[in-house]
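I set out below what I looked up in this model. The entries follow the order in which I took up each region.

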Amino acid sequence: MDDKDIEFSIVSGSSEEMLVGCIRSLIATMKPLRYSWSLSITCNATGDGLAGRLRAMFPEAQILDNATPKGFAANHNRVLRVSRARYCWLLNDDLLILPDAIRIVTEFMDRAENARVGAASPRLLNADGSLQPSTYSFPSMPQILLAHSGLRDLRVTNALLERIAPVMRSREGSSRFWAHDKTVEVDTLRGACVAMRMKAVRQVGPMVEVAIVGGEETEWHRRFHDNGWKVVYVADASVIHYGSQTVRGGARNLYPEYLKGALYFFRTGRPTASYSLFCASLLAMFSVRSAVAWITRNRTEAKLAREYASVAWSGLKGS
């Protein structure tokens, strides 16, 4: 890959229509800009002829065709390891790139005072233009227990968290419950649309490939912070993110994959004793969920609980 200002990495995972729409919106956004750029598209499904169709539609793009499907980190790392661009944008394929989003973030990162910004993400919007929360503090073990217990999916739980979070974490950007109306440094953020400074990536290293999707960027962002790089949410730029199309629309439920990323985050950043206790607590919780699902003959829930329990057990064995 030749030296460029910007390299874009997109991985297929949702519908072909959505992927093509994302690419076209990106090209339309970049045409009037002065930046040199290149585009790498990874076809993550096999045997469907997508790579050939994309080569015909977008001859300017580099098409990477996987022999076997790979995970979020593995696919983007393939591009990151060889890119010689100043910035590499990691993009979900369920995005619509809005005008000026790339320019605003790039100009922000180019400013001398932002030379230590290693990663930056624009505001994420839902299809109807409403805000999609995208900033977070580094997770705690109780947070992850709650997130994967199923309780956080309840309206009453979200209503309670919406009241408590701004009090417990008052710093803007430290939770998902804030207006997202200011550009702020954050611990971590959603990895749907992120510009990476390649100088920082080369120092910190690529993402760890521990899951199919979800969670890897949290540990990655911690490494950025540990090496003196900032992760920033840029409020002045926006893209539309249709959201979790790969996870919700896939052939099997991938939510346990998010837990793998969380377990790696804690295994590499917490004492062994507390990590082991955390894994044991997860295993107990998922075992109870599996038993309840078996009693109520909810086969879908039982299968999901067993997958979760398997992840927790693997984490416990590795502690």
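**Entry 1: Serine 36**

I located serine 36 in the loop between α1 and β2; helices (H or I, at least four residues) and strands (E, at least two) are DSSP runs, numbered from the N terminus. I note that this is a predicted model, in which local features need pLDDT of at least 70 and side-chain atom pairs count only at pLDDT 80 or more, while totals for chains, interfaces and linings use all residues. Residues are numbered from 1 along each chain as its sequence is written, and side-chain values use heavy atoms, with hydrogens and water left out.

I found serine 36 at 30% relative accessibility, so it counts as partly exposed. I use buried for under 20% relative accessible area, exposed for over 50%, and partly exposed for values in between (1.4 Å probe, protein chains only). Leaving aside neighbours within four places in sequence, serine 36 is in contact with Lys4, Asp5 and Ile6, contact meaning heavy atoms within 4.5 Å. I also looked up the separation of serine 36 and aspartate 3: they are 33 residues apart in sequence and 8.6 Å apart in space, C-alpha to C-alpha.

**Entry 2: Nonpolar cores**

I next asked which residues have the most contacts inside the largest nonpolar core. They are Phe8, Ile23, Leu26, Leu54 and Trp89, in a core of 41 residues. A nonpolar core is here a set of buried Ala, Val, Leu, Ile, Met, Phe, Trp, Tyr and Cys residues joined through side-chain atoms within 4.5 Å. Helix α1 (residues 16-30) gives this core its largest share, seven residues. A second, separate core has 27 residues, including Leu64, Leu189, Ala200 and Val204. In soluble globular proteins, nonpolar side chains tend to be buried together.

**Entry 3: α1 and α2**

I then took the pair formed by α1 and helix α2 (residues 50-57), whose axes come within 12 Å and cross at roughly 30°. This makes α1 roughly parallel to α2. Axes are lines fitted to C-alpha atoms, for helices over the stretch in contact, and angles run from 0 to 180 degrees between N-to-C directions. Angles under 35 degrees count as roughly parallel, over 145 as roughly antiparallel, 65 to 115 as roughly perpendicular and the rest as oblique.

I recorded the crossing of α1 and α2 as right-handed; a crossing is right-handed if the near helix is turned clockwise from the far one by less than a right angle, and left-handed if anticlockwise. From α1, Glu16, Leu19, Val20, Ile23 and Arg24 meet Leu50, Arg53, Leu54 and Met57 of α2. The contact of α1 with α2 divides into six nonpolar, no polar and three charged residues. Ala, Val, Leu, Ile, Met, Phe, Trp, Tyr, Cys and Pro count as nonpolar, Asp, Glu, Lys and Arg as charged, and the others, Gly among them, as polar.

**Entry 4: Helix α3**

I asked how many residues of helix α3 (residues 72-80) are buried. Eight of the nine are, and the helix is mostly covered. The buried residues are Phe72, Ala73, Ala74, Asn75, His76, Asn77, Val79 and Leu80. They pack against β1 (6-11), β2 (37-43), β3 (62-65), β4 (87-91), α7 and α8 (216-226).

I looked up helix α10 (residues 255-267) against α11: their axes come within 10 Å and cross at roughly 155°. The two are therefore roughly antiparallel, and their crossing is right-handed. Leu259, Leu263, Phe266 and Arg267 of α10 make the contact with Tyr275, Phe278, Cys279, Leu282 and Phe286 of α11. By class, the contact of α10 with α11 has eight nonpolar, no polar and one charged residue.

Helix α11 (residues 272-295) also packs with helix α12 (residues 299-317), at an angle of about 160° and with axes 8 Å apart. That makes α11 roughly antiparallel to α12, and I recorded this crossing as left-handed. The contact of α11 with α12 holds 15 nonpolar, three polar and three charged residues.

**Entry 5: Positive phi**

I found arginine 297 in the loop between α11 and α12. Arginine 297 has a positive phi of about 60° although it is not a glycine, and it is exposed, with a relative accessible area of 76%.
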